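Please keep the sequence and the coordinates in view while reading.

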Amino acid sequence: MDDVKLYAWLTLLLPLAGTLVNAFGYKVFRGKVPGFIGTGALLLSFVSAILMFLALTDLPHEEQHVRAIAWDYAVTQGGGGQGVDAQLGLLLDPLSVFMALVV
């Protein structure tokens, strides 16, 4: 299950990393280098999405809904046990992983 979470975050963060490298290195990189960096980041993200799909399908059917929580954003306690628990995270199920592969 931890592999699914790792691959999910990599699938999202690798294109962001490629964007940041190109954004901050635009004065240094010449020619086709930014294209190679961007294409490489997207290729690695696609490979990560494939690995995420394979790791998710290896799980039993009951466990194929995985929550990958990065951190709690805000937690409040209300009256009567009610409250807000806002988290930064991902919800992974077979449909969302399939859509990650399609996109």
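Which residues in H2 meet which residues in H3? In this predicted model, the H2 side of the contact consists of Phe46, Ala49, Ile50, Met52, Phe53 and Leu56, and the H3 side consists of Pro94, Val97, Ala100 and Leu101. By class, the contact of H2 with H3 has 10 nonpolar residues, with no polar and no charged ones.

**Geometry of the helix pair**

Helix H2 covers residues 33–58 and helix H3 covers residues 94–102, and the two pack at an angle of about 155 degrees with their axes 9 Å apart. Because angles over 145 degrees count as roughly antiparallel, this angle makes H2 roughly antiparallel to H3. The crossing of H2 and H3 is left-handed.

The length of H2 can be checked against its residue count: at 1.5 Å a residue, its 26 residues should span 38 Å, and the end C-alpha atoms are 37 Å apart, so the two values agree.

**Buried positions of H2**

Within H2, the buried residues are Ala41, Ser45, Ser48, Ala49, Met52, Ala55 and Leu56. Their cover includes helix H1 (2–24), strand E1 (66–77), strand E2 (83–92) and H3.

| Residue | Relative accessible area | Class |
|---|---|---|
| Thr11 | 13% | buried |
| Asn22 | 18% | buried |
| Phe36 | 61% | exposed |

Thr11 has its place in helix H1 and, leaving aside residues up to four places away in sequence, touches Ser45, Ser48, Ala49 and Met52.

At 18% its relative accessible area makes Asn22 buried.

Where does Phe36 stand, buried or exposed? Phe36 is placed in helix H2, and at 61% relative accessibility it counts as exposed. Phe36 and Gly18 are 18 residues apart in sequence, while their C-alpha atoms are 9.7 Å apart in space.

Definitions and conventions
Residues numbered from 1 in each chain as written. Predicted model: local features only at pLDDT ≥ 70, side-chain atom pairs only at ≥ 80, totals over all residues. Heavy atoms only, no water. Axes fitted to C-alpha atoms, helices over the stretch in contact; angles between N-to-C directions. Helix = DSSP H or I, 4+ residues; strand = E, 2+ residues; numbered from the N terminus. Parallel < 35°, antiparallel > 145°, perpendicular 65-115°, else oblique. Left-handed = near helix turned anticlockwise from the far one by under 90°. Contact = heavy atoms within 4.5 Å. Nonpolar A, V, L, I, M, F, W, Y, C, P; charged D, E, K, R; others polar. Expected span 1.5 Å × (residues − 1). Buried < 20%, exposed > 50% of the residue type's maximum accessible area, 1.4 Å probe, protein only.
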